[in-house]
Amino acid sequence: MRRWITWSTGFWVGLFAVTWLLSSYSFQLYKALDARWIVRFPKAYELPTESRISALLDWLVDSAHFVFFTFRDLTRAIAALIEIPYQFLRNLLIEGFQSGLGAEAVQIAPSLSWIAVIGVAVLIAHFARDLSLGALTGVCFLYLAVFGQWASAMVTMASVLIAVPIGAVGGLLLGIAAYRSPLFEKLLRPFLDLMQTVPVFAYLVPVLILFGFGPVAALVATVIYAMPPMVRVTIVALKAVPEEIKEAGRMVGCTRHQMMWKVLVPSASPALMVGVNQVIMLTLNMVIIASMIGAGGLGFDVLASLRRLDIGGGIEAGLAIVVMAIALDRVSQAFASRGVHEHRSGSYLKRHPWTSTSFAIIVGTLLLGQFIPAVQTYPKDLTITTGPFWTASIEWINVNFFDAFEAIKLVVLQGLLLPVKKFFTGIPWAWGIIATGLFAWKLAGWRMGLMAMLFMAFISASGLWGKTMVTIYLCGVSVFLASLIGIPLGIWAAERPRAGRVILGLMDTLQTLPSFVYLIPVVMLFRVGDFSAMIAVVLYALAPAVRYAAFGLREVPAHLIEAGRMAGCTPRQILFRIKLPLATPHLLLGLNQTIMLALSMLVITALVGTRDLGQEVYIALTKANAGQGIVAGLCVAFIAIIADRVVHAAADGQRRRLGL
Amino acid sequence: MTNQVLLDCRNVWKLYGARAETILQENDCPDPEALKAAGVIGAVRAADVQINRGEIFVIMGLSGSGKSTLVRCLSRLVEPTAGSIQFDGIDLLSASDAELIEIRRKKMGMVFQQFALLPHLTVLENVAFPLDVQGVDRKTREARAREVVTLVGLEGRENYYPRELSGGQQQRVGIARSLVVEPELWFLDEPFSALDPLIRREMQDEFLRLQNMLKKTIVFITHDFDEAIRLADRIAVMKDGAIEQIAAPEELVLNPATEYVAEFTRHVSRAKVIRAKTIMSPVTSESFAGEVDCRATVESIADQVEAASGPVRVLNNGEIVGQIDKQAVIDVLVGRK
Ligand SMILES: Nc1ncnc2c1ncn2[C@@H]1O[C@H](COP(=O)(O)OP(=O)(O)O)[C@@H](O)[C@H]1O
Ligand SMILES: [Mg+2]
């Protein structure tokens, strides 16, 4: 007789059945037993974490005293250190240099002209790769001028130009320290994990309290957000320098310092540039979000338009962000893969053609700009605004397709979102803790099971059980849909090289867009609510599902496929019997990435009115309640950590089973 | 006169594993079984090597036999678990970091299997790198680097980057870099193993040409026995971390010390190793049809002896030490004892 229920399937079916029963009847249970604690964590036992954190922060700001200075002094010093170069860049790029204040201000020097900025950008891109990249960059920047986004874009640019060097150099130095001292690496690792899983909004609050509303606070938050990947990349890149090169360095008698700066860092520089590219993209992403605490620039324009429901304005500013992201991404990638450097000889001008040409453009436009204002600033009359066009288009779509959209929305809401929501929000907290523990234990061992239970207990005791369940439900549904769409796309991309190039190219572009941008069209078409949030999350989290699926399928060893073909498998059988099973570890890693992206996006969708942890963080931000923000942020981080560890463990298990 | 032995290494051990340190304290000379039982890898076991000034000392063995580890112990790139190493009268293992840096800067050079060139530097900058590290000014170091680049036959490619060169050319850069400081002791860890056979042969010739000019003390690693006998003055054969035998190539073939060495040398063409000195007989003849050097291999003199009308005389530094007739050469060629 065949045993059709193994212990494992029995476990999962049982776990689900119990959870479902408890979820469906928890309310009745509470009424029948008159035990309110079943559905709500008793208020009396809630942890005072929130108020403790807020109090700590207040103490830091108001009365913390180190020997020679107060904490206030410290934050002020940091602020000044950032403020000065930032203001200089703003003057340089957009405001011009003045002496004196207010009405008596006298202009000493104008800002760089728009032509000079575009010219230098083109030259840098050309230098990084070739003329066509220069042309692309030129078009991107020209777009900013022609479509009237120049001033905001340059403000954003100034933030990027400050945050990226700080993030990159800071990350590099921390990475080097961690490379040199394994102990330091061990200490750093949990911080890196937290930094990358705690939602950005959560640390906007303490940063806001410490540094006050304004561009400096935004820059500090941006650097905190963009630095961790650089640290990781640095550690990995330094470790990946071939052993022989390290030995060669030691054999020629390098000191520790020479070893690092003459051998290791230069040898690892292509990999390090990949890290810098990440810093740039994260910075851009964050500079936009940070407009909520005073960064200004394009992000502020988008946010303001969204609040005003000014469709056209939002799309215009959003597109400007996209264009800037694409230009910065491509140029920094080009630097990462830059090949041969040319060696030149001759006079200074001949040896430094790029620098001298840039200089010539800057000086030339500066002089010309004194006589012809159009050279200095792009003439207002020539700007084109697409705002009304976008407003009209969206209106047209809404008028003509309103019913269709509503119907789709209704079907998905009723058929998918609401039942799942009911299931998750119905689970009583006590059983939720146990169930999560069992789930993690089964997939990742008892240690992880215990940790998961502790995390969930913390969440319950913080009084955030309900909102957490909403987060999990939204994340779950979105990840499910993203995988449902993404994995077949990935398979398609892997099986058909030509389609693959288009699909993967599209995914690359999707990934360069700051998360904020996804909200714009979604809100325009579907207005606020869970459905809109879900669509935005699915779009944002799609890319890794596609990429990992395509990568996993392509990585399947050729000899196994040949063996399958020789055994007479049809292409279909090869796909389902050989390739997909072997690619499961990669699919799982893709799932992991999808979950992480979904969680980070979910917090941002709080702006379109979800009632989850994201909303909690957002409320904390508007009320500047640091404790509330951090606790809710930690809850998101805990979910992320549980998901990450469990999926990784599942992928490892699968890999072991396949003998990879 | 200075000591004839430049590098003197005695009873050197390198063990890997959790119990690497303790096991030698319990037992001076653990055998392979004891190591295995303790979960320790014996990468180098009880190695005794004396390297003489001006000789080419080849370390030979299959991959994983511990050659690289041994040579890295000799240069202290890895810290030996036990043993003593004297370099030019200095105790290498007790040298401080600063002393070690000084020794490596001035007296040692190393060539690596995968070339280990710095990808961001040009040929010239790579070659000048050891001087750069020492703080030599740009003009001087580039002038010196240019000389060495010419020496290894790469003039005209000074401004190329490593990735623009073929494997053979890259290794020439590696050789140039290791020679730029005129080291006394030159380590080469399988320098030609990553190259195609034809290129390898060309590089061996090049190497011998350089050594004829420079007369360095050389520790050369290879897993290729043909390469070893072409280049070596003496060969150390390693197996599982231990040295099986150290001898001149000829000695190794004629008198293998262990079964393993015998197995290794069985298929070697004897004519390539046996030298005139070994097969010559006492001078009996009055007239000779030619002359050969006593260090020449049988292979290299075979044609000459065969074509000669009578026996040829064997010279050692211009002095007659013996004679060789056709029969002696034919015996070697057909493998008769
Ligand atoms: N860092 C290390 N840790 C553990 N084992 C090592 C390490 N380095 C070398 N070994 C082991 O020592 C032995 C000798 O290696 P190696 O000296 O590289 O051999 P060869 O150069 O002759 O191929 C091998 O069995 C190798 O696995
Ligand atoms: Mg080796």
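Which element gives the largest share of the shell around ligand 1? I started my notebook with that one, and α3(B) came up, with 3 residues.

**Ground rules.** I am working on a predicted model, where local features need pLDDT of at least 70, side-chain atom pairs count only at pLDDT 80 or more, and totals for chains, interfaces and linings use all residues. Residues are numbered from 1 along each chain as its sequence is written, chains are lettered from A and ligands numbered from 1 in the order in which they are written, and side-chain values use heavy atoms, with hydrogens and water left out.

**Entry 1: ligand 1.** I listed the residues around ligand 1 (a heavy atom within 4 Å of it), and they include Tyr16(B), Ile41(B), Lys67(B) and Thr69(B). Both β2 (41-52) and α3 (67-74) of chain B supply at least two residues of this shell; helices (H or I, at least four residues) and strands (E, at least two) are DSSP runs, numbered from the N terminus. By class I noted 4 nonpolar, 6 polar and 1 charged, where Ala, Val, Leu, Ile, Met, Phe, Trp, Tyr, Cys and Pro count as nonpolar, Asp, Glu, Lys and Arg as charged, and the others, Gly among them, as polar.

Next I looked up N or O pairs within 3.5 Å. A side-chain N or O atom of Ser68(B) lies 2.6 Å from an oxygen atom of ligand 1. The backbone takes part too: a polar backbone atom of Ser65(B) is 3.2 Å from a ligand 1 oxygen, and for a backbone N or O atom of Gly66(B) I read 3.1 Å. On its own ligand 1 has 560 Å² of accessible area (Shrake-Rupley, 1.4 Å probe), and the protein covers 60% of that.

**Entry 2: the largest pocket.** A pocket here is an open set of points on a 1 Å grid over the protein atoms alone, with protein on both sides within 12 Å along at least five of seven lines, and lining residues have an atom within 4 Å of a point. The largest has a volume of about 1,800 Å³, counted as the space filled by probe spheres set on the points. Of its 48 lining residues, Gln196(A), Gln278(A), Leu282(A), Gln593(A) and Leu597(A) are the closest to the centre. Where does the largest pocket lie? It lies between domain 1 (11-40 + 399-658) and domain 2 (74-98 + 109-386) of chain A, because both give residues to its lining; the bounds come from an automatic or database domain assignment. I counted 28 nonpolar, 13 polar and 7 charged residues in that lining.

**Entry 3: the second largest pocket.** This one holds about 1,100 Å³. Among its 33 lining residues, those closest to the centre are Phe423(A), Phe424(A), Phe439(A), Ile472(A) and Gly476(A). I found α21(A) giving the most, with 8 residues. The lining has 29 nonpolar, 4 polar and no charged residues.

**Entry 4: the cavity.** Of 14 lining residues, Met251(A), Val252(A), Gly109(B), Met110(B) and Ser178(B) lie nearest its centre. β6(B) gives the most, with 3 residues. The lining divides into 8 nonpolar, 3 polar and 3 charged.

Conventions:
On a 1 Å grid over the protein atoms alone, a cavity is a set of points where a 1.4 Å probe fits but cannot get out, and a pocket is an open set with protein on both sides within 12 Å along at least five of seven lines; lining residues have an atom within 4 Å of a point. A polar contact is a pair of N or O atoms within 3.5 Å; within protein, one must be able to donate a hydrogen and the other to accept it, and residues adjacent in sequence count only if both atoms are side-chain atoms.
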